[in-house]
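This note is written for a colleague who is meeting the structure for the first time. The points below may be read beside the sequence and the model.

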Amino acid sequence: MEQLEHLGLSIQKQIDNAVFTATNDDGMLFYWIDHPQGKALISAYGAHIVSYHPYNQDEQLWLSQTSALDGSAPIRGGVPICWPWFGNTRQPNHGYARTQIWQLGSIETNDQHSVLTLQLTEQDIATSEFKFLLECQFTVGQTLSIKLTTTNRDNHPIEIAGALHSYFATDRDSVQVSGMGQTFLDKTQNFAEQTQTKFSLDEETDRLYTHPEHALLLTHGDGRKLKLSHQGEDVVVIWNPGDTKAATIADIHPDGAKEYLCVEAVRTQTPVTLMPAQSFTLMQQLTPTA
Ligand SMILES: O=P(O)(O)OC[C@H]1O[C@@H](O)[C@H](O)[C@@H](O)[C@@H]1O
């Protein structure tokens, strides 16, 4: 509830035992999951989860206080969905899925969790090169799982990449991540390959880890831990712009870059080719522990 007030959202209606719709003054639609095991706020714009708060734990996702929430620009924070490409190989940066209004697919609640699925198809996009069904399934309880599934609905093969670009709320200067492997491509150095035996961040960190484990452990400075597991990724990206660069990014609030670390499940080095009717899932799951 606190998060709803903070973002100026009003509940519209209850659509399931634990799920409500809410809107802000700009008319943007959100889904508020208020389950005894976990709470989450998901924007229809971008199928973008902006808050996840498991029972008896802290907020897990960072959201910039200066993020646009009116549909004029991608949301800064939470878990942006990058699709059908990652980065700026094409424009817009990170693809167009994060700036579309997604439709509600289904909702199911049991005593463990609520499962909400949002959908996007080529019919929602002004110019799409192929026919597709993109589904993002959020399972919200003591664990959060985000599954992004692409299905080729065209009559020829399609190629896709993408990412679950999660911004985790943490003290950036004391967080540790294990399981990353020692090799990464450094985007700040024109993707030069680097090795690092002990995890530490640079002033600006923008790295594609090429040999991560599927299960990672993020340890906050105060000892709390967040288990992360992935499926379908070919690299894990760690990104934080550092304070100097962040000061030039209008939708990161002052000193906001100190409050998060992006750990992203990314499929980009070897894009996926899908034959007609074939599907592919990119997944990230987070399990916080006290
Ligand atoms: O500002 P955007 O488009 O959300 O991108 C944020 C960052 O996303 C990261 O995944 C990229 O590695 C960075 O290079 C990029 O700056």
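**Notes on the predicted model**

1. Overall size. The protein chain has a radius of gyration of 18 Å, which agrees with the value near 19 Å that a compact globule of 290 residues would have. This radius is taken over C-alpha atoms, and the globule rule is 2.2 Å times the number of residues to the power 0.38. Along its principal axes, the C-alpha trace of the protein chain spans about 50 × 50 × 35 Å.

2. Basis of the note. The model is predicted: local features need pLDDT of at least 70, side-chain atom pairs count only at pLDDT 80 or more, and totals for chains, interfaces and linings use all residues. Residue numbers start from 1 along each chain as its sequence is written.

3. Secondary structure. The protein chain has 21 strands and 2 helices. These are DSSP runs numbered from the N terminus, with helices (H or I) of at least four residues and strands (E) of at least two.

4. Of the 290 residues in the protein chain, 41% are buried. A residue is buried if 20 or more other C-beta atoms lie within 10 Å of its own, exposed if 12 or fewer, and partly exposed in between, with C-beta atoms placed from the backbone. Among contacts in the protein chain with a separation of 6 or more, 61% are between residues 24 or more positions apart; a contact requires C-beta atoms, placed from the backbone, within 7 Å.

5. Ligand surroundings. Which residues surround the ligand? They are P74, N93, H94, H165, K187, D206, V237, W239 and E264, where a residue is near a molecule if its C-beta atom, placed from the backbone, lies within 6 Å of it. By class, this shell has 3 nonpolar, 3 polar and 3 charged residues. Ala, Val, Leu, Ile, Met, Phe, Trp, Tyr, Cys and Pro count as nonpolar, Asp, Glu, Lys and Arg as charged, and the others, Gly among them, as polar.

6. Cis peptide bonds. The bond from W83 to P84 is cis, with omega near 0 degrees, and P84 is in the loop between β6 (81-82) and β7 (103-109). Q91 and P92 are also joined by a cis peptide bond, with omega about 0 degrees; P92 is found in the loop between β6 and β7.

7. Positive phi. Most residues other than glycine have a negative phi. F191, in the loop between β14 (183-186) and β15 (192-195), has a positive phi near 65 degrees. F191 is partly exposed, with 13 other C-beta atoms within 10 Å. D255 has a positive phi near 65 degrees and lies in the loop between α2 (242-246) and β20 (260-274). D255 is exposed, with 10 other C-beta atoms within 10 Å.

How values were computed: Two residues are in contact if their C-beta atoms, placed from the backbone, lie within 7 Å.
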